[in-house]
Amino acid sequence: MMVPDLPGFAEPVADAQEAFRAVLDAMAHPGRILRLGAGLTAPGSLAPAMAAALLSLVDADTSLWLDPAFAQARDWVAFHTGARAADAMAAADFVVVTALPALSALALGTDEAPELGATVILGAAALGEGTRYRLSGPGLAAPTVFAARGLGDGFVRFWHDNHALFPRGIDLLICAGTHLAALPRSVTVEAL
(Lines give C-alpha, C1' and ligand atoms only; values in the text may rest on other atoms or scores of the structure.)
Protein backbone atom coordinates (compact mmCIF):
# COMPACT_ATOMS: atom_id res chain seq x y z
CA MET A 1 0.00 0.00 0.00
CA MET A 2 1.27 3.44 -0.94
CA VAL A 3 0.93 6.21 1.62
CA PRO A 4 -1.62 8.60 0.11
CA ASP A 5 -0.71 12.23 -0.35
CA LEU A 6 -4.25 13.46 0.36
CA PRO A 7 -5.13 14.02 4.00
CA GLY A 8 -8.22 12.67 5.68
CA PHE A 9 -10.17 14.81 8.12
CA ALA A 10 -8.40 17.99 9.25
CA GLU A 11 -9.40 17.24 12.85
CA PRO A 12 -9.65 13.41 12.78
CA VAL A 13 -11.53 12.83 16.05
CA ALA A 14 -13.90 15.81 15.97
CA ASP A 15 -14.59 15.55 12.23
CA ALA A 16 -15.19 11.78 12.40
CA GLN A 17 -17.61 12.26 15.30
CA GLU A 18 -19.46 15.00 13.39
CA ALA A 19 -19.67 12.84 10.26
CA PHE A 20 -20.85 9.83 12.27
CA ARG A 21 -23.60 11.92 13.89
CA ALA A 22 -24.67 13.15 10.43
CA VAL A 23 -24.93 9.56 9.14
CA LEU A 24 -26.95 8.56 12.22
CA ASP A 25 -29.23 11.57 11.71
CA ALA A 26 -29.72 10.61 8.06
CA MET A 27 -30.58 7.01 9.03
CA ALA A 28 -33.03 8.22 11.69
CA HIS A 29 -34.74 10.54 9.18
CA PRO A 30 -34.99 8.66 5.86
CA GLY A 31 -34.67 10.88 2.81
CA ARG A 32 -33.39 13.91 4.74
CA ILE A 33 -30.54 15.46 2.76
CA LEU A 34 -27.55 16.53 4.84
CA ARG A 35 -24.23 18.16 4.00
CA LEU A 36 -21.25 15.94 4.64
CA GLY A 37 -17.59 16.13 3.69
CA ALA A 38 -17.36 19.85 2.91
CA GLY A 39 -13.66 20.73 2.91
CA LEU A 40 -12.59 17.11 2.48
CA THR A 41 -10.55 16.33 -0.61
CA ALA A 42 -11.19 12.75 -1.65
CA PRO A 43 -9.10 10.84 -4.19
CA GLY A 44 -10.27 9.95 -7.68
CA SER A 45 -14.02 9.95 -8.24
CA LEU A 46 -14.90 9.41 -4.58
CA ALA A 47 -17.35 12.19 -3.62
CA PRO A 48 -16.57 14.14 -0.43
CA ALA A 49 -19.75 12.82 1.26
CA MET A 50 -18.74 9.23 0.41
CA ALA A 51 -15.25 9.83 1.77
CA ALA A 52 -16.57 11.35 5.00
CA ALA A 53 -19.00 8.45 5.48
CA LEU A 54 -16.19 5.95 4.98
CA LEU A 55 -13.83 7.78 7.35
CA SER A 56 -16.49 7.73 10.06
CA LEU A 57 -17.98 4.23 9.56
CA VAL A 58 -15.29 1.78 8.49
CA ASP A 59 -12.33 0.62 10.54
CA ALA A 60 -10.01 -2.34 11.02
CA ASP A 61 -12.94 -4.50 12.18
CA THR A 62 -14.96 -4.00 9.00
CA SER A 63 -14.57 -5.23 5.44
CA LEU A 64 -15.00 -2.98 2.44
CA TRP A 65 -15.66 -3.59 -1.24
CA LEU A 66 -14.99 -0.69 -3.60
CA ASP A 67 -16.39 -0.52 -7.13
CA PRO A 68 -13.52 -0.49 -9.67
CA ALA A 69 -14.51 3.12 -10.45
CA PHE A 70 -13.09 4.01 -7.03
CA ALA A 71 -9.80 2.09 -7.40
CA GLN A 72 -7.80 5.30 -6.94
CA ALA A 73 -9.28 5.64 -3.45
CA ARG A 74 -8.36 2.14 -2.25
CA ASP A 75 -5.03 3.00 -0.60
CA TRP A 76 -6.40 6.28 0.80
CA VAL A 77 -9.32 4.52 2.50
CA ALA A 78 -7.12 1.69 3.79
CA PHE A 79 -4.53 4.14 5.15
CA HIS A 80 -7.05 6.36 6.95
CA THR A 81 -9.41 3.65 8.24
CA GLY A 82 -7.52 0.36 8.41
CA ALA A 83 -10.50 -1.36 6.74
CA ARG A 84 -9.66 -4.62 5.06
CA ALA A 85 -10.60 -5.19 1.43
CA ALA A 86 -13.30 -7.80 0.80
CA ASP A 87 -12.75 -10.19 -2.10
CA ALA A 88 -16.40 -9.98 -3.12
CA MET A 89 -19.40 -7.76 -2.45
CA ALA A 90 -21.17 -10.59 -0.64
CA ALA A 91 -18.35 -10.73 1.91
CA ALA A 92 -18.31 -6.98 2.63
CA ASP A 93 -19.78 -5.06 5.54
CA PHE A 94 -19.64 -1.88 3.43
CA VAL A 95 -20.01 -1.71 -0.35
CA VAL A 96 -19.25 1.46 -2.33
CA VAL A 97 -20.77 1.50 -5.82
CA THR A 98 -21.75 3.72 -8.73
CA ALA A 99 -24.82 1.58 -9.53
CA LEU A 100 -26.87 -0.79 -7.41
CA PRO A 101 -25.87 -4.44 -7.86
CA ALA A 102 -28.29 -7.36 -7.64
CA LEU A 103 -29.42 -7.98 -4.08
CA SER A 104 -28.12 -11.53 -4.38
CA ALA A 105 -24.58 -10.11 -4.72
CA LEU A 106 -24.74 -8.46 -1.27
CA ALA A 107 -24.57 -9.60 2.34
CA LEU A 108 -28.21 -9.53 3.47
CA GLY A 109 -27.86 -10.78 7.05
CA THR A 110 -30.09 -13.48 8.50
CA ASP A 111 -33.34 -13.42 10.45
CA GLU A 112 -31.30 -14.19 13.58
CA ALA A 113 -28.55 -11.65 12.77
CA PRO A 114 -29.99 -8.94 10.49
CA GLU A 115 -27.15 -6.60 11.49
CA LEU A 116 -24.91 -8.64 9.18
CA GLY A 117 -26.62 -7.02 6.19
CA ALA A 118 -24.32 -4.70 4.27
CA THR A 119 -24.41 -0.95 4.20
CA VAL A 120 -24.26 0.18 0.59
CA ILE A 121 -22.85 3.61 -0.22
CA LEU A 122 -24.14 4.63 -3.62
CA GLY A 123 -22.85 7.52 -5.70
CA ALA A 124 -25.70 9.49 -7.30
CA ALA A 125 -25.70 12.39 -9.72
CA ALA A 126 -27.75 14.67 -7.45
CA LEU A 127 -29.93 14.72 -4.35
CA GLY A 128 -32.99 16.94 -4.00
CA GLU A 129 -33.71 16.91 -7.73
CA GLY A 130 -34.57 14.35 -10.37
CA THR A 131 -36.89 11.38 -9.95
CA ARG A 132 -39.29 11.74 -7.04
CA TYR A 133 -40.14 8.95 -4.61
CA ARG A 134 -42.60 8.68 -1.72
CA LEU A 135 -41.02 7.40 1.49
CA SER A 136 -42.96 6.02 4.44
CA GLY A 137 -42.17 4.00 7.52
CA PRO A 138 -40.11 4.29 10.71
CA GLY A 139 -38.45 7.65 11.23
CA LEU A 140 -41.11 9.49 9.24
CA ALA A 141 -44.12 11.07 10.98
CA ALA A 142 -45.90 11.14 7.63
CA PRO A 143 -45.01 10.04 4.09
CA THR A 144 -42.45 12.36 2.56
CA VAL A 145 -41.08 13.03 -0.91
CA PHE A 146 -37.44 12.31 -1.71
CA ALA A 147 -35.80 13.21 -5.03
CA ALA A 148 -32.57 11.94 -6.53
CA ARG A 149 -30.94 11.72 -9.93
CA GLY A 150 -28.89 8.67 -10.85
CA LEU A 151 -30.42 5.85 -8.80
CA GLY A 152 -31.19 3.77 -11.90
CA ASP A 153 -34.38 2.73 -13.67
CA GLY A 154 -34.91 -0.34 -11.49
CA PHE A 155 -34.49 1.45 -8.17
CA VAL A 156 -38.10 1.09 -6.95
CA ARG A 157 -38.13 -2.65 -7.75
CA PHE A 158 -34.72 -3.09 -6.10
CA TRP A 159 -35.95 -1.34 -2.95
CA HIS A 160 -39.24 -3.25 -2.89
CA ASP A 161 -37.31 -6.53 -3.01
CA ASN A 162 -34.92 -5.32 -0.29
CA HIS A 163 -37.75 -4.12 1.96
CA ALA A 164 -39.56 -7.46 1.55
CA LEU A 165 -36.58 -9.19 3.21
CA PHE A 166 -36.98 -7.18 6.44
CA PRO A 167 -35.49 -7.57 9.04
CA ARG A 168 -32.79 -8.77 6.66
CA GLY A 169 -31.54 -6.64 3.78
CA ILE A 170 -29.25 -3.72 3.16
CA ASP A 171 -29.19 -0.14 4.38
CA LEU A 172 -28.43 2.50 1.76
CA LEU A 173 -26.45 5.73 1.98
CA ILE A 174 -26.83 7.85 -1.16
CA CYS A 175 -24.12 10.44 -1.79
CA ALA A 176 -23.79 13.22 -4.34
CA GLY A 177 -20.96 15.70 -3.94
CA THR A 178 -21.17 16.98 -0.37
CA HIS A 179 -24.72 15.70 0.19
CA LEU A 180 -25.91 12.50 1.82
CA ALA A 181 -29.29 10.85 2.38
CA ALA A 182 -30.06 7.47 3.90
CA LEU A 183 -32.66 4.78 3.34
CA PRO A 184 -32.71 2.17 6.11
CA ARG A 185 -34.11 -1.21 5.08
CA SER A 186 -37.25 -0.55 7.14
CA VAL A 187 -38.47 2.31 4.93
CA THR A 188 -40.91 1.85 2.05
CA VAL A 189 -40.15 3.53 -1.31
CA GLU A 190 -42.79 4.13 -3.98
CA ALA A 191 -42.55 5.83 -7.35
CA LEU A 192 -44.43 9.11 -7.79
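**Figure 1. Surface and overall build of the protein chain.** The protein chain exposes about 9000 Å², of which carbon and sulfur atoms supply 54%; accessible areas come from the Shrake-Rupley method with a 1.4 Å probe, and for residues only the protein chains shown count as cover. The model is predicted, so local features need pLDDT of at least 70 and side-chain atom pairs count only at pLDDT 80 or more, while totals for chains, interfaces and linings use all residues. Residues are numbered from 1 along each chain as its sequence is written, and side-chain values use heavy atoms, with hydrogens and water left out. The protein chain has 4 helices and 10 strands, where helices (H or I, at least four residues) and strands (E, at least two) are DSSP runs numbered from the N terminus. Their order along the sequence is α-β-α-β-α-β-β-β-β-β-α-β-β-β. The radius of gyration of the protein chain is 16 Å, close to the 16 Å that the globule rule gives for 192 residues, so the chain is as compact as a globular protein of that length. That radius is taken over C-alpha atoms, and the globule rule is 2.2 Å times the number of residues to the power 0.38. Along its principal axes the C-alpha trace spans about 45 × 30 × 30 Å. Of the 192 residues, 48% are buried; buried means under 20% relative accessible area, exposed over 50%, and partly exposed in between (1.4 Å probe, protein chains only). Among contacts (heavy atoms within 4.5 Å) between residues at least 6 apart in sequence, 65% join residues at least 24 apart.

**Figure 2. The largest nonpolar core and the surroundings of V96.** A nonpolar core is a set of buried Ala, Val, Leu, Ile, Met, Phe, Trp, Tyr and Cys residues joined through side-chain atoms within 4.5 Å. The largest one holds 35 residues, and L36, L46 and V96 have the most contacts inside it. At least two residues of this core come from each of α1 (12–28), α2 (48–57), β2 (63–66), α3 (74–81), β4 (94–97), β8 (171–176) and β9 (179–183). The largest share, 8 residues, is supplied by α2. With neighbours within four places in sequence left aside, V96 is in contact with L46, M50, L54, L64, W65, L66, D67, F70 and I121. Another core, of 32 residues, lies apart from the largest one and includes W65, L151, I170 and V189. In soluble globular proteins, nonpolar side chains tend to be buried together.

Figure 3. In α2, 9 of the 10 residues are buried, so the helix is largely enclosed by the rest of the structure. The buried residues are A49, M50, A51, A52, A53, L54, L55, S56 and L57.

Figure 4. F155, F158, W159 and N162 are the buried residues of α4. Seen down the helix axis, these residues fall within an arc of 95°, so they line one face of α4; the arc is that of the directions from the helix axis to the C-beta atoms. Their cover includes β6 (126–136), β8, β9 and β10. On the other side of α4, R157 and A164 are exposed. P167 lies in the loop between α4 and β8. A cis peptide bond joins F166 and P167, with omega about 15°. Most peptide bonds are trans.

**Figure 5. Salt bridges within the protein chain.** A salt bridge is a side-chain nitrogen of Lys or Arg within 4 Å of a carboxyl oxygen of Asp or Glu. D25 and R32 meet through their side chains at 3.4 Å, N to O. D25 is partly exposed, at 26% relative accessible area, and R32 is partly exposed at 38%. D161 and R157 form a salt bridge at 3.1 Å, N to O. Both lie in α4 (residues 155–164), 4 residues apart, about one turn of the helix. D161 is partly exposed at 33%, whereas R157 is exposed at 52%. R185 forms a salt bridge with D171, with the closest N and O atoms 3.1 Å apart. R185 lies in the loop between β9 and β10 (188–191) and D171 in strand β8, so this pair ties together parts that are 14 residues apart in sequence. R185 is buried, with a relative accessible area of 8%, and D171 is buried at 14%.
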